[in-house]
Amino acid sequence: MKSTLLIVFFVICYNASGQNLVPNPSFENYDSLPCAFIQTQTEFINAVESWYMATQGTCDIFSTIVDTNCVAHATSSPYNMIGAQSPRTGNVMAGFITMYHVAPLAIPYREYLSVKLDYPLEVGKWYEASAYISLEDYAQFATNSIGFYFSEFQVNLPNLYGVLNLPPQINETRVISDTANWVKIEGVFEANLPFKYMTIGNFFNDSSMIIERITSTALNTNSHAYYFIDDVVVQEFHLRVSRDTTLCLGDSVELFVNIDSIIGWAVKSEPNTILSTNPRLMVSPTESTTYLAYTKWDTAQATVEVFSENPLNLGRDTTICLGELMVIDASISNAEYLWQDGSMDSMFVVNNSQTYWVEVSHPCGVFYDTISIDFIDCQVKVGMPNVFTPNNDGINDYFLPIKIENNIYGDLSVFNRHGQKVYAGSIDSQGWDGSFNGQPCTEGVYYWVLTYLL
């Protein structure tokens, strides 16, 4: 018996472009979900995979899976005295303090979430980082300055419970005070080092940020700003702009770009004139216009096509040869078509001589145009002599066509065997008399070219 061993090789390719580099981004991979608030680094690491606390400040893990009597149950606000908030996705979310306003504390208290990315960032590429946060119901304060700090090495200061004096590449300048909804915080930065780690939190002293007091209800009893967080994303950034669009004359459209830090908008025909520096731009062009969105890492463009009173143009009436094909194109975006034979495609294949028309129904109106196509026989039968005798005897003294079946207009050229043109004239003229520059040409072989127009 003979046996065969088959060995198959395969390659797994990783491409970080467009994928989330944060492992366990919504905290759904968990081991031992807590019932109480987190007290130690070990408790936090044992609760969810991949994440850890960068300092002595103790972040928390909330879920809808633990018993409703647990203070770490996401919606059991009577027990946890923080508030009820369902995770944005899944069953688990985290929580952290961005500011603790208690007088006896000599150092402002902060909490930080850290994670090792799946792959290091590539130097020179742009990345966007985002997360969704929501302020707890019982918080007395809300803050801005919730940032993302990226580093080559792990941030791990287990004895620090104050401010991490590190410069975040992305920092939220808005004060986030919404307790009912999830608010997206995001930003874009260029990686100048192969960063492997990310830390989320407030990297500023109280005096360097905005602190807003919350007094909307009697629930605001906690002297801190505490935020739930979910759905953390880090991915390569690609500039996106509004899709090309069409407008009726006199209408407006709002263009947008997917980043706040825009240098400005400009018209492509006047690229140095900045129209606005807002990420959103309302435009009402009177003719089709291409707009540019400048950012510090790329330029994107969007074209706004404007429909005038009748943008339909089938072209001039024309004549074509029998046996040839011609396609009339009436294509207009977002339109419906009706041709003279009842067909409803945007294009029509011409097959005989007649006047063709199309009616185009568009949100900007109903447009109409016609074109006449004439088919003719382009096969021209021309009789040319093989020899002529320019000896002035009145017989066969000139070289010219002796038979033309169709009415044509054209020119006749004659060349000697060296390629030199010795004659050029209309086919309606007397023809070539066998001379060049007033001198008789030698007897021999000559070549002729007839160019004609029907």
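Tutor: Let's start with one residue. C70 is buried, because its relative accessible area is 6%; buried means under 20%, exposed over 50% and partly exposed in between, with a 1.4 Å probe and protein chains only. Keep in mind that this is a predicted model, where local features need pLDDT of at least 70, side-chain atom pairs count only at pLDDT 80 or more, and totals for chains, interfaces and linings use all residues. Residues are numbered from 1 along each chain as its sequence is written, and side-chain values use heavy atoms, with hydrogens and water left out.

Student: Which cysteine does a disulfide join to C70?

Tutor: First the general idea: a disulfide is a covalent bond between the sulfur atoms of two cysteines. Here the criterion is a pair of cysteine sulfur atoms within 2.5 Å. C70 is joined to C35, with 2.0 Å from S to S. The link of C35 and C70 is left-handed, at -100 degrees about the S-S bond.

Student: Where in the chain do C35 and C70 lie?

Tutor: C35 is in the segment before α1 (41–47), while C70 is in the loop between β2 (60–63) and α2 (77–80), so the pair ties together parts that are 35 residues apart in sequence. Helices (H or I, at least four residues) and strands (E, at least two) are DSSP runs, numbered from the N terminus.

Student: How many disulfides does a search of the whole structure find?

Tutor: The search finds two. C248 and C364 also form a disulfide, with their sulfur atoms 1.9 Å apart. C248 lies in strand β13 (residues 245–248) and C364 in the loop between β23 (354–362) and β24 (365–376), so this pair ties together parts that are 116 residues apart in sequence. The torsion about the S-S bond is about -100 degrees, so the disulfide of C248 and C364 is left-handed.

Student: Are C248 and C364 buried or partly exposed?

Tutor: C248 is buried, with a relative accessible area of 18%, whereas C364 counts as partly exposed at 24%.
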